[in-house]
Amino acid sequence: MTTPTFENYREKLTAILREAFEERKFDQLKSDFGALGESNADKKSSLDQVFRDVLLKDHSDDVKAIEDFITFSTHAARADMVSVTIPVILLGDVFDAVTLDECEKLFTYVENNVAVWKEEIFFTPCKNNILRMCNDLLRRLSRSQNTVFCGRILLFLAKFFPFSERSGLNIVSEFNLENLTEYSADGKNENLAGDSVETQVQIDYNLYCKFWALQDFFRNPNQCYNKVQWKTFVSHTSSVLAAFKGFKLEEPREGGSREKPDQMDVDEAEVRDFLDPDKGVQHFFAKFLTNPKLLALQLSDSNFRRSVLVQFLIIFHYLPSQVKFKMEVYTLGQSQVDWLKETEAQVYRLLDETPPNGTKFSKSVQHMLQREEMWNNWKNDGCKEFQRPDPHPSDTGKVTSSQRKYKRLLGDSIKEATKHGKFYMGNPELTKLWNLCPDNLQACKGSDRNFLPSLESYLENPKDKSDPSYEWRALRLMARQSPHFFTLFNTPSYKVSDYLESVRKKIQKDRNEIKAEPMEEVLPVVVEQIETDNFADDQMEADLLKTEQLTPEDKNTHKPNMITSDQLQELAPIIGAEWKKLANKLGYRSDEILFFETENPTPSSQCHAMLQIWFDDDMDASLDNLAYILEGLGMLESSDTVKKFIGNSD
């Protein structure tokens with residue numbers, strides 16, 4: 001019996017593969033492949049070739065079928081039926097056989113399966129094939145016409161290869177010297193701005209030549225280490241930056257450029273317009289045109305200006321930096337370094353002035369160059385591989401059998417704590433907190449929870465007796481601690497400050513009498529005095545209503561989210577006539593509401609006075625609580641205004 005040859009296997013496997021793939025049944029392919037006999041090199045290599053033949057003959061014009069077929073081949077590679085490199089070889093064959101448009105569609109499959117290519121079984125054998133496949137694609141593509149596709153390929157390679165992969169690194173810091181910028185070398189020294197562009201600088205052929213000659217220095221910065229070339233670079237740079245400085249750009253306006261949106265971030269709007277082909281506003285090109293007649297228009301283009309200024313920053317960043325493979329003669333003098341720093345600051349100022357969002361763009365570029373310095377240091381250190389640090393044995397969370405301890409049940413811990421009159425909360429800090437005092441209500445009544453001063457000390461040391469805020473607090477404190485609050489006040493002036501002074505004198509007098517007489521004699525006198533006092537509440541309210549308007553300035557800076565005077569002026573008219581409903585919710589009594597209503601002529605001023613005192617006097621007063629209360633009362637416009645204040649403060 002003769003052993004089947006490569007060609008025999010090839011014919012049989014072609015029919016088997018076509019039948020199995022048509023039904024999308026990999027198990028059928030696997031069983032038929034195993035039925036051909038013992039595994040040998042001829043059978044495996046035959047299936048490799050059959051995959052390539054069937055793909056190009058049957059499915060080269062259908063992207064979806066190609067993707068399914070390559071997925072089929074990855075299953076075969078995992079089952080050791082074909083070489084592990086076959087899926088990538090198939091991709092390379094297809095990319096060579098189809099158009100660039102189909103290549104771009106098929107590359108989406110490559111991007112989506114980057115995790116597959118990074119598997120241990122595929123990465124090492126296939127990484128060179130993938131790199132070769134991508135480089136072949138890049139050679140076919142135009143950097144100016146297929147810019148996006150080229151970028152996708154480079155991003156895929158960055159995701160596929162680890163940072164330390166040397167094939168993706170410019171180890172010796174070489175420059176792309178083939179990137180030449182051609183421009184007109186002969187012309188007349190005439191004004192290139194024309195009559196349609198108003199500028200403060202002369203845009204002539206001399207400036208045109210200096211401008212585009214700088215591209216050769218950007219292409220090969222090492223020229224700047226030559227003294228003659230350095231003088232040329234400094235001269236051209238000074239002329240170009242002076243032209244930028246004298247040619248100011250304005251914010252985009254309607255008609256010439258896009259109008260700055262009010263409700264959308266500018267960057268988002270730019271991306272939206274760029275992706276919408278119907279708008280035709282902006283497009284990206286890999287290289288700019290060098291026609292002399294376009295220079296004036298290019299100088300008025302913010303994207304063009306940003307590209308050139310960023311090129312300056314890149315070369316300024318490179319020239320004084322320490323690069324491992326830079327020649328020893330490539331050094332700058334102190335005067336040259338000083339010029340670079342001064343000019344770099346000038347470039348950043350020009351970027352700040354370039355709309356839109358100049359300052360934001362400038363900070364982003366500065367941040368990227370700082371990160372570039374980190375990568376440069378990493379390359380100088382030999383491109384060390386990034387590895388996660390080994391976890392400390394104590395951080396692994398694994399406990400050996402000898403270290404295992406008996407863990408007490410939660411129910412047993414609670415019973416034990418209850419038995420001794422304690423609480424067990426399952427957390428050490430919570431358990432400690434709940435056991436500070438067995439009775440929580442009693443703990444709330446403790447002397448350390450009383451933050452109110454005594455009436456006597458408050459009246460004896462006033463900061464400003466005429467301050468409405470002081471008067472209001474003194475009255476509230478008197479209502480809590482002294483019976484003198486309910487006595488009739490008949491002073492003609494009806495000033496609260498005079499009333500408080502009289503109360504202070506009465507308290508001082510009572511204290512002196514108590515010190516002079518025994519307690520058993522003083523007590524009946526005090527009781528009698530209280531009983532004979534005239535509790536004329538209505539008269540007292542009338543006296544209080546004639547006092548000055550209580551609108552203290554916001555002085556409680558210790559409380560979070562306090563309202564400012566400007567915010568209060570804006571919010572009060574919005575609440576308007578509904579302020580009484582809010583006052584009831586905040587806990588003000590009818591007599592207090594009547595006080596605000598009598599002392600202030602308009603609903604807006606009444607609301608202003610009420611809110612001012614609430615924020616000054618109530619410890620729970622904050623913008624967050626006010627927004628929550630207004631929303632619960634259905635006053636949505638007022639609630640939204642307060643939320644806007646909170647957002648601005650954040």
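**Charged side chains and their partners**

Trainee: What is the relative accessible area of Glu578?

Mentor: This is a predicted model, where local features need pLDDT of at least 70, side-chain atom pairs count only at pLDDT 80 or more, and totals for chains, interfaces and linings use all residues. Residues are numbered from 1 along each chain as its sequence is written, and side-chain values use heavy atoms, with hydrogens and water left out. Buried means under 20% relative accessible area, exposed means over 50%, and partly exposed lies in between (1.4 Å probe, protein chains only). Glu578 counts as partly exposed, because its relative accessible area is 37%.

Trainee: Which residue forms a salt bridge with Glu578?

Mentor: A salt bridge needs a side-chain nitrogen of Lys or Arg within 4 Å of a carboxyl oxygen of Asp or Glu. For Glu578, the closest N and O atoms in the pair are 3.7 Å apart.

Trainee: How many residues apart are Glu119 and Arg78, which meet in a salt bridge?

Mentor: Their side chains meet with N to O at 3.0 Å. Helices are DSSP runs (H or I, at least four residues), numbered from the N terminus. Glu119 sits in the loop between helix 7 (114-117) and helix 8 (120-140), while Arg78 is in helix 4 (residues 63-78). The pair links distant parts of the chain, and the separation is 41 residues.

Trainee: Arg152 and Glu104 meet in a salt bridge. Which of the two is buried?

Mentor: Their N to O distance is 3.8 Å. Arg152 lies in helix 9 (residues 147-160) and Glu104 in helix 6 (residues 100-112), so the bridge ties together parts 48 residues apart in sequence. Glu104 has a relative accessible area of 28%, so Glu104 is partly exposed.

Trainee: Lys210 is buried yet has no salt bridge. Which side chain of opposite charge is nearest?

Mentor: Lys210 lies in helix 10 (residues 205-219). Contact means heavy atoms within 4.5 Å, and Lys210 touches Ser235, His236, Ser239 and Val240, not counting residues up to four places away in sequence. Lys and Arg count as positive, Asp and Glu as negative, and His and the chain ends are not counted. The nearest side chain of opposite charge is 7.9 Å away, and it belongs to Asp204.

Note on methods:
Helix = DSSP H or I, 4+ residues; strand = E, 2+ residues; numbered from the N terminus.
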